[in-house]
Amino acid sequence: MDTEKTYCGWCGLPENHWSNTFRWWSRGKRYCSARCFAAAEYQAHLVFAICGAPILWFPILSFAASLLSEESTFYLFVSLFLITIAIAFTGFFVYMVAIGKEERKKVALEKYESLPSWKPL
């Protein structure tokens with residue numbers, strides 16, 4: 001019998017309280033939601049959004065441009081499909097950065113509000 005419990009790598013919620021059936025994991029840690037995953041892996045998503053997106057876009061746009069030089073409707077649709085994939089991947093990482101920043105700000109605000117307030121005598 002395994003008595004080891006799994007906790008969220010960001011918020012510390014035990015696995016039996018996770019509401020999502022889809023599990024997020026990265027580098028040996030598991031997360032209860034996309035928000036916790038985005039907050040914990042914030043730097044990786046930011047690096048991809050800034051550095052990886054141009055590396056992804058350059059070959060896709062080059063290939064799409066070469067396909068568009070052919071006069072065929074099929075190549076037009078293939079080019080649009082490739083550009084849509086690039087937009088989806090880039091959009092995912094930008095979205096993860098946005099919700100990661102929001103979640104980190106929310107946790108910082110909760111910690112700040114839980115501090116005892118200082119009142120002058």
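Select E103 to begin: E103 is buried, with a relative accessible area of 7%, where buried means under 20% relative accessible area, exposed over 50% and partly exposed in between, with a 1.4 Å probe and protein chains only. The model on your screen is predicted, and local features need pLDDT of at least 70, side-chain atom pairs count only at pLDDT 80 or more, while totals for chains, interfaces and linings use all residues. Residues are numbered from 1 along each chain as its sequence is written, and side-chain values use heavy atoms, with hydrogens and water left out.

Setting aside residues up to four places away in sequence, E103 touches W10, R35 and A39, contact being heavy atoms within 4.5 Å.

Now widen the view to residues 73-114, which form helix 3, the place of E103; helices (H or I, at least four residues) and strands (E, at least two) are DSSP runs, numbered from the N terminus. Then select residues 42-68, helix 2, which packs with helix 3 at an angle of about 170°, their axes 9 Å apart. Helix 2 and helix 3 are therefore roughly antiparallel to each other, since angles under 35 degrees count as roughly parallel, over 145 as roughly antiparallel, 65 to 115 as roughly perpendicular and the rest as oblique.

Finally, show the whole chain, whose elements run β-β-α-α-α from the N terminus on.

Methods:
Axes fitted to C-alpha atoms, helices over the stretch in contact; angles between N-to-C directions.
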